[in-house]
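Here is a friendly walk through one protein chain, going from a single residue out to the whole fold. Please have a look at the structure first.

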Amino acid sequence: MKITYHGQSAIEISTEGKSFIIDPFISGNPSATTKVEEVKVDAVLLTHAHMDHILDAAPIAKANNAPVVANPELAAYMAWKGVETIGMNIGGTVDLGFAKAKMTHAFHSSGIIDEENKNILYGGMPAGYIIEAEGKVLHHAGDTGLFSDMKMIGDRHHLDVVFLPIGDHYTMGPEDALQAAEWYQAKLVIPIHYNTFPAIEQDAKAFVNKLEELGLKGKVLELGETFEL
């Protein structure tokens with residue numbers, strides 16, 4: 001299994017000759033090293049409707065003839081853009097054929113802001129995903145604050161990898177993410193959702209060092225970096 005970090009919360013996972021991407025925000029990220037047209041995937045998974053998570057979903061889905069997986073409201077929005085969608089909701093699982101994705105809850109907001117018309121489109125409930133593939137279990141927490149059910153998720157799923165937001169301001173900051181990591185007890189913690197904008201600037205290496213002080217393993221991925229699990 002290969003994991004590629006495209007910046008912000010965009011994670012690409014390749015397994016058994018297939019791949020999918022979660023929350024593709026590439027063209028709007030000034031630090032991105034990947035071009036949207038270079039992304040070749042078989043599915044696109046979205047955690048919620050904020051633009052820094054869905055910006056490139058439709059272009060990638062259309063270019064790859066790939067479905068977009070999202071909550072029903074966000075799936076409807078994506079369908080209006082002319083892409084195939086799989087609408088699902090929290091607690092449900094979708095079988096992509098090469099991987100299974102279970103939608104978990106997250107504590108955040110979710111909406112699409114239309115600045116021109118001063119309108120906000122409801123984007124459904126925010127979520128995370130538990131991914132099962134190749135006998136491994138990964139969890140993308142989505143955009144979220146700290147909540148105690150993270151411990152339940154860790155107890156039930158024996159996670160190999162967890163992707164945790166650390167940016168603060170809009171999500172958990174490093175201190176709360178450390179608590180989340182203790183509850184998840186994943187074999188590997190990868191920080192996400194930081195340094196894209198000034199409001200979420202963080203020292204990811206310092207976060208990983210603090211993880212190690214707690215007896216946990218962390219890894220900082222550079223933009224565009226791929227590693228094998």
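Threonine 104 is buried, with a relative accessible area of 7%; buried means under 20%, exposed over 50% and partly exposed in between, using a 1.4 Å probe and protein chains only. This is a predicted model, in which local features need pLDDT of at least 70 and side-chain atom pairs count only at pLDDT 80 or more, while totals for chains, interfaces and linings use all residues. Residues are numbered from 1 along each chain as its sequence is written, and side-chain values use heavy atoms, leaving out hydrogens and water.

Threonine 104 sits in strand β8, residues 100–105. Strands (E, at least two residues) and helices (H or I, at least four) are DSSP runs numbered from the N terminus. Leaving aside residues up to four places away in sequence, the contacts of Threonine 104 (heavy atoms within 4.5 Å) include Ile90, Tyr129, His139 and Ile153.

Now for the wider picture:

| Item | Value |
|---|---|
| Helices in the chain | 6 |
| Strands in the chain | 15 |
| Helix over residues 7–193 | 22% |
| Strand over residues 7–193 | 31% |

UniProt lists residues 7–193 as "domain: Metallo-beta-lactamase" in an unreviewed entry; such annotations may be inferred rather than shown by experiment. The end C-alpha atoms of residues 7–193 are 7 Å apart.

Of the 229 residues of the chain, 54% count as buried. Among contacts in the chain with a separation of 6 or more, 59% come from residues 24 or more positions apart.
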